[in-house]
Amino acid sequence: MGFKENQALKFSTLLNLKNEGSTVYGEINEYHFSLNLIPYGNTQVWQLTMLLDKPLTADAQYNLKKIHKINVQYSALDITPTYQAVAYNIVLNLPMSKEKQVNYFNNLITTLTNTLEKEEIKNIDACGLCGIEKTDEEAEYTVYKGLYIKLHKSCAEAAYEEEKREIEKENANIKRLPISIVLAFIGAVVGIIPSVISMFGFGYLFALLFAICPIASFFGYKLGKAPLRWYATLIAAVCSLVITALVVIGFGALIAQAANATLADAFNDPELGLTGLLAKALLFDGLGILCSLGVISKIRSGKVSR
Ligand SMILES: [Zn+2]
């Protein structure tokens, strides 16, 4: 069981709710809601989500804020043109003690659902995947991608099948890994060229140029069409760090040879600053590695983990 699943199990037990995977969910006063851990600064907080037909009035929202110190953030959830919902997102302001947490949540959800009722705000009855009514099948509440949402069983199954097919397709691409590794290496070699030109050609170094190396390496990996998993970044990182180190050491060797000194002497000479150069080069390598990591997380977000 992962960290989030473990937290969800504990939190659902504490609040007397249910959980599925890392999502806590429940129903109070006929309103359905889910709770998920979301990143918040350096920590993680619980966010309450409800799918309803319209937002609160300004007055009601002001009152909630005054009593419970919470902000309701709305996002439009239009999965299909026939499914329109307003998602209420509320970050919980949980007190430290477990006992107080239970009271806080129960008070909050009671006030919130009473307010919703008073404002005649309703749950969404349509299926969140197809948005239409089927004569032979009722849409039922189920946990799907962190939401407690009404879905047709057949629609949910079809969606999971599609996800599974996509993951299988990606897994089948794993045999392209050797090609991707070779291209990642070639990419790193190509990506170091601007740095080599600036160092050997002009005897001067723009540290930022080193960031090109891992990006070019990552691009090479992508060209090889192996899956874009975490190890894609690792491979690009290893290739670019090795190439960078080789180039800086080569540069040092050249200087050492010209001065009739050993390589170690060249690196130990504070005036030449080769050690600092190596450190700076590797640092900017790191910057490029972070860029390629950003690309991966962007591609992978929005995929279910089931
Ligand atoms: Zn459906």
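**Close-up 1. Ser34 and its bridge partner in a predicted model.** Thr49 in β4 is the bridge partner of Ser34. The model shown here and in the other views is predicted. Strand β3 covers residues 31-40 and strand β4 covers residues 43-52. The two strands run antiparallel and are joined by seven bridges.

**Close-up 2. The open sheet that contains β3 and β4.** Six strands make up this sheet, with antiparallel pairing. Read across the sheet, their order is β1-β2-β3-β4-β6-β5. Strands β1 (18-20) and β5 (72-80) form the edges, each pairing on one side only. On average, neighbouring strands of the sheet are turned by 30° against each other, direction ignored.

**Close-up 3. Packing of helix α6 against helix α7.** Helix α6 spans residues 212-223, and helix α7 spans residues 230-258. Their axes lie 8 Å apart, and the packing angle is about 135°. Because of this angle, α6 is oblique to α7. The crossing of α6 past α7 is right-handed.

**Close-up 4. Residues at the contact of α6 with α7.** From α6, the residues in the contact are Cys213, Pro214, Ser217, Phe218 and Tyr221. In α7 they meet Ala232, Thr233, Ile235, Ala236, Ala237, Cys239, Ser240, Ile243 and Thr244. By class, the contact of α6 with α7 has 10 nonpolar and four polar residues, and no charged residues.

How values were computed. Residues are numbered from 1 along each chain as its sequence is written. This is a predicted model: local features need pLDDT of at least 70, side-chain atom pairs count only at pLDDT 80 or more; totals for chains, interfaces and linings use all residues. Two strands pair if DSSP finds at least two bridges between them. Helices (H or I, at least four residues) and strands (E, at least two) are DSSP runs, numbered from the N terminus. Axes are lines fitted to C-alpha atoms, for helices over the stretch in contact, and angles run from 0 to 180 degrees between N-to-C directions. Angles under 35 degrees count as roughly parallel, over 145 as roughly antiparallel, 65 to 115 as roughly perpendicular and the rest as oblique. A crossing is left-handed if the near helix is turned anticlockwise from the far one by less than a right angle, and right-handed if clockwise. Two residues are in contact if their C-beta atoms, placed from the backbone, lie within 7 Å. Ala, Val, Leu, Ile, Met, Phe, Trp, Tyr, Cys and Pro count as nonpolar, Asp, Glu, Lys and Arg as charged, and the others, Gly among them, as polar.
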